[in-house]
Amino acid sequence: MDIREAAIRKMAEVLGHVPESITEDAVLTTLVSSSFVLVEMVIELQEEFGVRFQQVDMNGVTTVGQLLKLIESRVAD
Amino acid sequence: MIDSNLHWILSFYRNSEIGGALFFGELARSLRPSAIQQDMTRQFADEANHARYWTDCMASLGVKPLKLELAYQNQYLAAAGMPTNLMEILAITQVFEKRVVGQYTLHSKSPNVPIEVSRTIADIMLDEQWHIRWIRGALKTMESEYGADNIRDTLKRFTAADREVYARTITEHGDRLGELRLASK
């Protein structure tokens with residue numbers, strides 16, 4: 001399973017969605033019921049991949065695809 | 001009975017404590033089981049209790065709480081941005097707690113505070129001291145992982161956001177806060 005697929009599965013798990021419903025062009029804020037769920041999802045993704053984000057890293061990250069790219073870049077570091 | 005401004009202020013405190021309980025409850029829920037989650041859970045339980053203290057205080061003063069709109073905390077994420085890791089969660093928590101302690105200290109030192117209000121603030125402050133202590137301790141242990149400079153910068157950023165939210169509150173409700181606002185200058 002590649003990073004993108006694993007990340008989407010994790011997002012689906014946190015959000016209680018099926019992975020197929022999470023597309024890369026989906027806007028993150030439309031997927032979550034509240035800002036706190038987004039916090040939870042971002043923290044869970046960091047735990048899952050052993051990476052660390054800071055608030056500044058999330059500036060400009062609005063879609064699933066952008067978040068996946070951020071995870072991939074951190075895993076590669 | 002108490003005057004309408006004090007009635008509004010006590011209702012505002014109660015509303016803020018309810019908002020705090022929900023805010024920290026949501027943050028606690030977003031964390032994995034850990035010592036920090038345990039402390040955050042205790043904190044949101046404390047905030048819920050504080051709301052009850054204010055309800056009881058108002059009852060002893062012969063009034064019922066007013067229904068108010070958005071609590072102070074609800075504006076936090078909009079102003080400060082979304083925390084993305086544990087350190088940022090604790091940083092925003094510490095900034096918020098300092099604001100609470102500052103406001104209650106200011107109120108307790110203002111003239112003509114009813115004894116019921118003084119006692120309620122004193123009870124709440126006992127918990128607040130613990131809140132600040134556990135958060136400070138937890139942030140200290142994170143210095144090796146996140147960097148002391150980074151933590152300091154994060155606290156600065158959230159403090160600026162807190163000031164922005166507080167200034168907005170003063171602008172909107174300055175007439176109600178009256179001498180509490182003047183005393184804060």
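Trainee: How many residues of chain A are in contact with chain B?
Mentor: Bear in mind that this is a predicted model. In it, 15 residues of chain A are in contact with eleven residues of chain B. On the side of chain A that touches chain B, the residues divide into seven nonpolar, four polar and four charged.

Trainee: How should I read the packing of helix α3 of chain A with helix α1 of chain B, and at what angle do these two pack?
Mentor: In general, a pair of packed helices is described by two quantities, the angle between their axes and the distance between those axes. Here, helix α3 of chain A, residues 35-49, packs with helix α1 of chain B, residues 4-30, at an angle of about 25°, and their axes are 9 Å apart. Because angles under 35 degrees count as roughly parallel, α3(A) is roughly parallel to α1(B). As for handedness, α3(A) passes α1(B) in a right-handed crossing.

Trainee: Which residues of α3(A) and α1(B) meet?
Mentor: From α3(A) come Phe36(A), Val39(A), Glu40(A) and Ile43(A), and they meet Glu26(B), Leu27(B) and Ser30(B) in α1(B). Sorted by class, this contact has four nonpolar, one polar and two charged residues.

Trainee: What is the pattern of chain A along the sequence?
Mentor: Chain A reads α-α-α-α along the sequence, with four helices and zero strands. Its radius of gyration is 11 Å, close to the 11 Å that the globule rule gives for 77 residues, so chain A is as compact as a globular protein of that length. Taken along the principal axes, the C-alpha atoms of chain A fill a box of roughly 30 × 30 × 20 Å.

Trainee: What share of the contacts in chain A join residues at least 24 apart?
Mentor: If we consider the contacts in chain A between residues at least 6 apart in sequence, 59% of them join residues at least 24 apart. Buried residues, for their part, make up 19% of the 77 residues in chain A.

Technical notes. Residues are numbered from 1 along each chain as its sequence is written. Chains are lettered from A and ligands numbered from 1 in the order in which they are written. This is a predicted model: local features need pLDDT of at least 70, side-chain atom pairs count only at pLDDT 80 or more; totals for chains, interfaces and linings use all residues. Two residues are in contact if their C-beta atoms, placed from the backbone, lie within 7 Å. Ala, Val, Leu, Ile, Met, Phe, Trp, Tyr, Cys and Pro count as nonpolar, Asp, Glu, Lys and Arg as charged, and the others, Gly among them, as polar. Axes are lines fitted to C-alpha atoms, for helices over the stretch in contact, and angles run from 0 to 180 degrees between N-to-C directions. Angles under 35 degrees count as roughly parallel, over 145 as roughly antiparallel, 65 to 115 as roughly perpendicular and the rest as oblique. A crossing is left-handed if the near helix is turned anticlockwise from the far one by less than a right angle, and right-handed if clockwise. The radius of gyration is taken over C-alpha atoms; the globule rule is 2.2 Å times the number of residues to the power 0.38. A residue is buried if 20 or more other C-beta atoms lie within 10 Å of its own, exposed if 12 or fewer, and partly exposed in between; C-beta atoms are placed from the backbone.
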